[in-house]
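Student: I have a new model open. Please take me through how to read its features, one at a time.

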Amino acid sequence: MMNTKKRRLEVCITPAIYDKHAHDENLVVVIDVLRATSSICTAFANGVDRIIPVATVEEARQKKEAGYIVASERDGYVLDFADFGNSPFNFSADKVKGKQIVYSTTNGTRCIHMASHSQEVLIGSFLNLSALAKYLIAQDAPVLLFCASWKDRFSLEDTVCAGALAELLLNSGQFESICDAVTASVDLWSLAKTNLNSYSLKTAQKGRLASKGLDDCMEFCHQLDFTNLIPYYTNGTLLAKSMGHSEK
Ligand SMILES: O=C(O)[C@H](CS(=O)(=O)O)OP(=O)(O)O
């Protein structure tokens with residue numbers, strides 16, 4: 001007989017309440033649109049071999065001393081020992097193709113480590129939205145969309161992206177929402193989707209990035225389906241699985 005029980009779908013709007021949503025059986029999608037998860041998706045689209053996410057500056061420094069290429073920023077500033085920072089434009093094919101990159105950012109890489117007890121940790125952004133939805137629908141486990149946000153505050157761009165993904169998952173008929181954060185995120189997405197670029201200008205992170213001249217990636221990070229690759233975390237490393245079609 002077919003199993004008609006629906007799968008649990010949740011959205012965690014900030015790492016501050018991650019423990020309320022954490023279950024070992026979850027498939028967790030970490031979302032940090034501005035900019036960590038958009039940059040990770042871009043790096044894999046541009047042929048990076050693997051990314052080693054580290055949570056602390058000290059770990060990133062040690063990896064640099066051990067000879068790794070290191071991409072690392074805190075609060076939008078490239079660390080003095082790092083090779084480059086956190087813009088997706090830094091992860092161009094000439095810099096990353098075939099390479100291993102150690103990566104540490106303010107919010108995104110921390111959340112990957114927080115979720116590492118879960119059945120699977122996947123990297124999500126607008127850039128790989130449809131591929132992610134297709135992959136998640138084909139699995140058989142509860143899904144948690146984990147917004148990395150900014151320093152434990154609510155973040156509009158991550159929640160809108162979670163809403164876009166939640167809408168695709170709910171439309172499959174396989175999922176049931178057990179928290180209002182899912183409904184809120186889908187409602188925000190329905191406000192934003194008619195003109196995502198102009199909606200994204202409302203985000204606080206746009207202002208923070210603009211104050212440091214780092215907002216040139218806003219449009220890039222808000223485009224849908226730039227890649228069919230889904231980065232995932234395994235044994236301390238990010239690799240990527242493909243959901244078909246050739247890469248751009
Ligand atoms: O580099 C980023 O965009 C942010 C730094 S901050 O939020 O502006 O301090 O890091 P991320 O981990 O990508 O949110």
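**Reading the model**

Tutor: Start with the core. In this predicted model, the largest nonpolar core has 75 residues. Those with the most contacts inside it are Val 30, Ile 31, Leu 132, Leu 145, Phe 146 and Leu 165. α7 supplies the largest share of this core, 8 residues. A nonpolar core here is a set of buried Ala, Val, Leu, Ile, Met, Phe, Trp, Tyr and Cys residues joined through C-beta atoms within 7 Å. In soluble globular proteins, nonpolar side chains tend to be buried together.

Student: What ground rules apply to the numbering and the confidence cut-offs?

Tutor: Residues are numbered from 1 along each chain as its sequence is written. Because the model is predicted, local features need pLDDT of at least 70 and side-chain atom pairs count only at pLDDT 80 or more, while totals for chains, interfaces and linings use all residues.

Student: Which residues does Val 30 touch, not counting residues up to four places away in sequence?

Tutor: Two residues are in contact if their C-beta atoms, placed from the backbone, lie within 7 Å. Val 30 touches Thr 37, Gly 108, Cys 111, Ile 112, Ala 115, Val 121, Ile 123, Gly 124, Phe 146 and Ala 148, with residues up to four places away in sequence left out.

Student: Which residues of α6 are buried?

Tutor: First the cut-offs. A residue is buried if 20 or more other C-beta atoms lie within 10 Å of its own, exposed if 12 or fewer, and partly exposed in between; the C-beta atoms are placed from the backbone. Helices (H or I, at least four residues) and strands (E, at least two) are DSSP runs, numbered from the N terminus. In helix α6 (residues 129-137), the buried ones are Leu 129, Ala 131, Leu 132, Ala 133, Tyr 135 and Leu 136. Their cover includes β2 (27-31), β7 (120-124), β8 (143-147), α7 (156-171) and β10 (229-234).

Student: How many residues of α2 are buried?

Tutor: 10 of the 10 residues of α2 are buried, so this helix is largely enclosed by the rest of the structure. Ser 39 is found in α2. Ser 39 counts as buried because it has 28 C-beta neighbours inside 10 Å. Leaving aside neighbours within four places in sequence, Ser 39 is in contact with Asn 86, Ser 87, Pro 88 and Phe 91. After α2 comes Gly 47, with a positive phi near 90°.

Student: How do I describe two packed helices?

Tutor: Two packed helices are described by the angle between their axes and the distance between the axes. Axes are lines fitted to C-alpha atoms, for helices over the stretch in contact, and angles run from 0 to 180 degrees between N-to-C directions. Here α7 and helix α8 (residues 180-192) pack at about 100°, with axes 7 Å apart. That makes α7 roughly perpendicular to α8. Angles under 35 degrees count as roughly parallel, over 145 as roughly antiparallel, 65 to 115 as roughly perpendicular and the rest as oblique.

Student: How do the residues of that contact divide by class?

Tutor: They divide into 9 nonpolar, 3 polar and 1 charged. Ala, Val, Leu, Ile, Met, Phe, Trp, Tyr, Cys and Pro count as nonpolar, Asp, Glu, Lys and Arg as charged, and the others, Gly among them, as polar.
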